[in-house]
Amino acid sequence: AILLAPFLWNKPDYVIAVFFYFVASSILYFLICRKLISDRNLRVFALFAFSFNPYLVWLVNSSQDTVFELFLLLCGAALIVRGRFVLSLFPIYLLCLTRPAYWVFFLLLPLALRKLKIANNRNKVITRGIFQRINTKSR
(Lines give C-alpha, C1' and ligand atoms only; values in the text may rest on other atoms or scores of the structure.)
Protein backbone atom coordinates (compact mmCIF):
# COMPACT_ATOMS: atom_id res chain seq x y z
CA ALA A 1 0.00 0.00 0.00
CA ILE A 2 2.89 2.37 0.71
CA LEU A 3 4.20 1.88 -2.83
CA LEU A 4 0.86 3.10 -4.19
CA ALA A 5 1.10 6.42 -2.32
CA PRO A 6 2.53 8.38 -5.29
CA PHE A 7 -0.57 7.42 -7.27
CA LEU A 8 -2.85 8.80 -4.58
CA TRP A 9 -1.10 12.16 -4.34
CA ASN A 10 -1.81 13.40 -7.85
CA LYS A 11 -5.14 12.01 -8.98
CA PRO A 12 -6.48 11.68 -11.69
CA ASP A 13 -3.52 12.32 -14.01
CA TYR A 14 -0.80 10.18 -12.32
CA VAL A 15 2.01 11.78 -14.38
CA ILE A 16 4.30 12.32 -11.40
CA ALA A 17 3.79 8.77 -10.08
CA VAL A 18 4.38 7.22 -13.50
CA PHE A 19 7.48 9.36 -13.99
CA PHE A 20 8.78 8.47 -10.51
CA TYR A 21 8.43 4.72 -10.99
CA PHE A 22 9.78 4.81 -14.55
CA VAL A 23 12.88 6.73 -13.44
CA ALA A 24 13.35 4.35 -10.49
CA SER A 25 12.98 1.40 -12.89
CA SER A 26 15.51 2.93 -15.29
CA ILE A 27 18.03 3.30 -12.46
CA LEU A 28 17.50 -0.31 -11.42
CA TYR A 29 17.90 -1.42 -15.05
CA PHE A 30 21.17 0.53 -15.24
CA LEU A 31 22.45 -1.18 -12.09
CA ILE A 32 21.54 -4.59 -13.50
CA CYS A 33 23.25 -3.84 -16.82
CA ARG A 34 26.34 -2.54 -15.06
CA LYS A 35 26.60 -5.76 -13.07
CA LEU A 36 25.86 -8.26 -15.86
CA ILE A 37 27.26 -6.67 -19.05
CA SER A 38 31.00 -6.11 -19.02
CA ASP A 39 31.35 -4.66 -22.53
CA ARG A 40 30.76 -0.89 -22.38
CA ASN A 41 29.34 -0.56 -25.92
CA LEU A 42 26.90 -3.40 -25.38
CA ARG A 43 25.85 -1.88 -22.05
CA VAL A 44 25.17 1.51 -23.69
CA PHE A 45 23.14 -0.24 -26.40
CA ALA A 46 21.11 -2.08 -23.76
CA LEU A 47 20.40 1.16 -21.92
CA PHE A 48 19.28 2.89 -25.11
CA ALA A 49 17.10 -0.10 -25.99
CA PHE A 50 15.32 0.25 -22.66
CA SER A 51 14.98 4.04 -22.70
CA PHE A 52 13.90 4.45 -26.33
CA ASN A 53 11.58 1.47 -26.54
CA PRO A 54 8.36 3.08 -27.85
CA TYR A 55 6.18 0.13 -26.88
CA LEU A 56 7.43 0.19 -23.28
CA VAL A 57 6.97 3.95 -23.01
CA TRP A 58 3.44 3.70 -24.44
CA LEU A 59 2.58 0.80 -22.13
CA VAL A 60 3.88 2.62 -19.06
CA ASN A 61 2.05 5.82 -19.99
CA SER A 62 -1.26 4.18 -20.82
CA SER A 63 -1.48 1.66 -18.00
CA GLN A 64 -0.36 2.77 -14.57
CA ASP A 65 -0.10 -0.74 -13.13
CA THR A 66 2.50 -1.62 -15.77
CA VAL A 67 5.01 0.90 -14.44
CA PHE A 68 4.46 -0.43 -10.94
CA GLU A 69 5.02 -4.01 -12.13
CA LEU A 70 8.13 -2.94 -14.03
CA PHE A 71 9.53 -1.38 -10.87
CA LEU A 72 8.88 -4.48 -8.77
CA LEU A 73 10.25 -6.78 -11.47
CA LEU A 74 13.49 -4.84 -11.82
CA CYS A 75 13.79 -4.39 -8.06
CA GLY A 76 13.66 -8.15 -7.57
CA ALA A 77 16.07 -8.77 -10.44
CA ALA A 78 18.54 -6.15 -9.12
CA LEU A 79 18.55 -7.79 -5.71
CA ILE A 80 19.12 -11.20 -7.29
CA VAL A 81 22.01 -9.88 -9.36
CA ARG A 82 23.54 -8.40 -6.21
CA GLY A 83 23.32 -11.85 -4.59
CA ARG A 84 20.63 -10.96 -2.07
CA PHE A 85 18.37 -13.86 -2.90
CA VAL A 86 16.30 -13.89 0.29
CA LEU A 87 15.68 -10.13 0.18
CA SER A 88 14.71 -10.37 -3.50
CA LEU A 89 11.77 -12.60 -2.64
CA PHE A 90 9.89 -9.65 -1.12
CA PRO A 91 9.49 -7.49 -4.27
CA ILE A 92 8.94 -10.60 -6.38
CA TYR A 93 6.24 -11.75 -3.96
CA LEU A 94 4.57 -8.32 -4.18
CA LEU A 95 4.77 -8.64 -7.96
CA CYS A 96 3.03 -12.01 -7.75
CA LEU A 97 0.20 -10.38 -5.82
CA THR A 98 -0.43 -7.98 -8.71
CA ARG A 99 -0.91 -10.76 -11.30
CA PRO A 100 -0.94 -14.55 -10.91
CA ALA A 101 1.22 -15.07 -14.00
CA TYR A 102 4.28 -13.87 -12.09
CA TRP A 103 4.34 -16.93 -9.82
CA VAL A 104 6.50 -18.69 -12.41
CA PHE A 105 8.92 -15.77 -12.17
CA PHE A 106 8.86 -16.07 -8.38
CA LEU A 107 9.88 -19.71 -8.61
CA LEU A 108 12.30 -19.80 -11.56
CA LEU A 109 14.09 -16.46 -11.90
CA PRO A 110 16.38 -16.80 -8.89
CA LEU A 111 17.62 -20.13 -10.24
CA ALA A 112 18.11 -18.79 -13.77
CA LEU A 113 20.02 -15.70 -12.68
CA ARG A 114 22.22 -17.71 -10.32
CA LYS A 115 23.12 -20.00 -13.24
CA LEU A 116 23.91 -16.96 -15.43
CA LYS A 117 26.12 -15.51 -12.73
CA ILE A 118 28.05 -18.77 -12.39
CA ALA A 119 28.49 -18.98 -16.18
CA ASN A 120 29.63 -15.36 -16.33
CA ASN A 121 32.20 -15.96 -13.58
CA ARG A 122 33.51 -19.01 -15.44
CA ASN A 123 33.91 -16.96 -18.62
CA LYS A 124 35.83 -14.28 -16.72
CA VAL A 125 38.19 -16.88 -15.27
CA ILE A 126 38.73 -18.45 -18.70
CA THR A 127 39.30 -15.06 -20.32
CA ARG A 128 41.67 -13.98 -17.55
CA GLY A 129 43.66 -17.22 -18.00
CA ILE A 130 43.94 -16.72 -21.75
CA PHE A 131 45.19 -13.14 -21.35
CA GLN A 132 47.73 -14.23 -18.74
CA ARG A 133 49.10 -16.87 -21.13
CA ILE A 134 49.31 -14.35 -23.96
CA ASN A 135 51.12 -11.83 -21.72
CA THR A 136 53.64 -14.41 -20.46
CA LYS A 137 54.37 -15.66 -24.02
CA SER A 138 54.92 -12.14 -25.34
CA ARG A 139 57.62 -11.43 -22.74
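1. In this predicted model, the buried residues of helix 2 are A17, V18, Y21, F22, A24, S25, L28, I32 and C33. An α-helix has 3.6 residues a turn, so residues three or four places apart point the same way.

2. Helix 3 covers residues 40-51, 12 residues in total. From its first C-alpha to its last, helix 3 reaches 17 Å, close to the 16 Å expected at 1.5 Å a residue.

3. Which residues of helix 3 are buried? They are R43, A46 and F50. Viewed down the helix axis, the buried residues of helix 3 fall within an arc of 60 degrees, so they line one face of the helix. On the other side of helix 3, N41 and F45 are exposed.

4. The packing partners of helix 3 can also be named. Its buried residues pack against helix 2 (15-36), helix 4 (54-62) and helix 5 (64-81).

5. Helix 6 spans residues 85-98. Its 14 residues should span 20 Å at 1.5 Å a residue, and its end C-alpha atoms are 21 Å apart, which agrees. The buried residues of helix 6 are S88, P91, I92, L95 and C96.

6. Helix 7 (residues 103-138) includes L107. Is L107 buried or exposed? L107 is exposed because its relative accessible area is 57%, and the cut-off for exposed is over 50%. L107 also belongs to a nonpolar patch on the surface, which V104, L108 and L111 complete. Together, these four residues have about 420 Å² of accessible area.

7. The remaining remarks concern the whole protein. Its secondary structure comes to seven helices and zero strands, and the pattern along the sequence is α-α-α-α-α-α-α. Of the 139 residues in the protein, 32% are buried.

8. How much of the accessible surface belongs to carbon and sulfur atoms? The protein has an accessible surface of about 9,800 Å², and 68% of this belongs to carbon and sulfur atoms.

How values were computed: Residues are numbered from 1 along each chain as its sequence is written. This is a predicted model: local features need pLDDT of at least 70, side-chain atom pairs count only at pLDDT 80 or more; totals for chains, interfaces and linings use all residues. Side-chain values use heavy atoms; hydrogens and water are left out. Patches are made of residues with over 30% relative accessible area and no salt bridge: like charges are joined within 9 Å, nonpolar side chains (Val, Leu, Ile, Met, Phe, Trp, Tyr) within 5 Å. Accessible areas come from the Shrake-Rupley method with a 1.4 Å probe; for residues, only the protein chains shown count as cover. A salt bridge is a side-chain nitrogen of Lys or Arg within 4 Å of a carboxyl oxygen of Asp or Glu. Helices (H or I, at least four residues) and strands (E, at least two) are DSSP runs, numbered from the N terminus. Buried means under 20% relative accessible area, exposed over 50%, partly exposed in between (1.4 Å probe, protein chains only). The expected span of a helix is 1.5 Å times one less than its number of residues. The arc is that of the directions from the helix axis to the C-beta atoms. Contact means heavy atoms within 4.5 Å.
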